[in-house]
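Here are my notes on this model, point by point. Please read them with the coordinates open.

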Amino acid sequence: MLLDETPLFDPSLLQELDWSDNSVSFSPRISPSSPGDGLVLRPLCTADFNRGFFMVLSELTETGDVTEDQFLKKFEHMKKTGDYYVVVVEDTNLGQIVATATLITEHKFVHSCAKRGRVEEVVVSDVCRGKQLGKLLMSTLTLLSKKLNCYKITLECGPKNVAFYQKFGYSASDESYMQCRFSH
């Protein structure tokens, strides 16, 4: 596999979102098809490896030293499963990724073998904060999970981010988030 413009998932999924179902207002108005001057919202592609994709992710958490080969293998795996929807915002003037978020769908036996959506790794580069890109990514992934027939969509966030996610209809659940971390 090469570093090219092959999308992780079908871009028409983003173009076909019913934006009238969006619960958040934008001022000025932006949407997946019109995210702002010089900006494009689209699926991740392998060429994004050289467009600062990991620099943006590193503003959220540690990414490690990922080689081109590791990236390509992970991308290929995600594309093959069809359950990963990594969305990026590219500043076409800079040729750089400035924001990203991921929707993962999990296949369940419950709820008549339904799917559950999970939002991960929502991050907007320092240089682009204040342009409503976080809102745009969250609205896009929320509507995408609905389009993909997920029975629910969840995310994990720190207390300081709760108010932001509530704008999109997310609410705290009765369940406790627990984890077991392994050192590498």
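**Notes on the predicted model**

1. K73 is exposed, with a relative accessible area of 56%. (Buried means under 20% relative accessible area, exposed over 50%, partly exposed in between, with a 1.4 Å probe and protein chains only.) K73 forms a salt bridge with D69, and the closest N and O atoms are 3.0 Å apart. (A salt bridge is a side-chain nitrogen of Lys or Arg within 4 Å of a carboxyl oxygen of Asp or Glu.) Both residues lie in helix 3, four residues apart, about one turn of the helix. D69 is partly exposed, at 44% relative accessible area.

2. **Basis of the values.** This is a predicted model: local features need pLDDT of at least 70, side-chain atom pairs count only at pLDDT 80 or more, and totals for chains, interfaces and linings use all residues. Residues are numbered from 1 along each chain as its sequence is written, and side-chain values use heavy atoms, with hydrogens and water left out.

3. **Other salt bridges.** A search of the whole structure finds 14 salt bridges. D21 and K146 form one of them, with the closest N and O atoms 3.0 Å apart. D21 is partly exposed, at 39% relative accessible area. K146 is exposed, at 51%.

4. Are R42 and D48 buried or exposed? Both R42 and D48 are buried. A network of salt bridges links E5, R42, D48, R51 and E90.

5. Five strands form an open sheet in the order 1-2-3-4-5, with mixed pairing. (Helices, H or I of at least four residues, and strands, E of at least two, are DSSP runs numbered from the N terminus; two strands pair if DSSP finds at least two bridges between them.) Strand 1 (39–43) and strand 5 are the edges, each pairing on one side only. Neighbouring strands are turned by 20° against each other on average, direction ignored. (Axes are lines fitted to C-alpha atoms, for helices over the stretch in contact, and angles run from 0 to 180 degrees between N-to-C directions.)

6. Strand 2 and strand 3 pair in the antiparallel sense over eight bridges. They form a hairpin with four residues between them, and G95 in the turn has a positive phi of about 65°. D91 stands opposite Q96 in strand 3. Strand 3 and strand 4 are likewise antiparallel, over eight bridges. H107 has K115 in strand 4 as its bridge partner. Why call strand 3 largely enclosed by the rest of the structure? Because 10 of its 12 residues are buried.

7. **The parallel pair.** Strand 4 (residues 115–124) and strand 5 (residues 150–155) pair in the parallel sense over five bridges. The chain crosses from strand 4 through helix 5 (residues 133–147) to strand 5, and this β-α-β crossover is right-handed. (Right-handed means that, with the strands pointing away from the viewer, the path from the first strand over the helix to the second runs clockwise.) R116 has K152 in strand 5 as its bridge partner, and R118 has T154 there. Helix 5 lies across strands 1, 2 (84–91), 3 (96–107), 4 and 5, running at about 25° to strand 3. (Contact means heavy atoms within 4.5 Å.)

8. **Cysteines.** How many disulfides does a search of the whole structure find? The search finds zero. (A disulfide is a pair of cysteine sulfur atoms within 2.5 Å.) For C128, the closest cysteine sulfur is in C45, 17 Å away and too far for a bond. C128 is buried, at 3% relative accessible area. C150 is in no disulfide either; the nearest cysteine sulfur, that of C113, is 14 Å away. C150 is buried too, at 15%.

9. **A loop residue.** T63 is in the loop between helix 2 (53–57) and helix 3 (68–81). T63 is partly exposed, at 28% relative accessible area. Leaving out residues up to four places away in sequence, T63 touches F54, L57 and S58.
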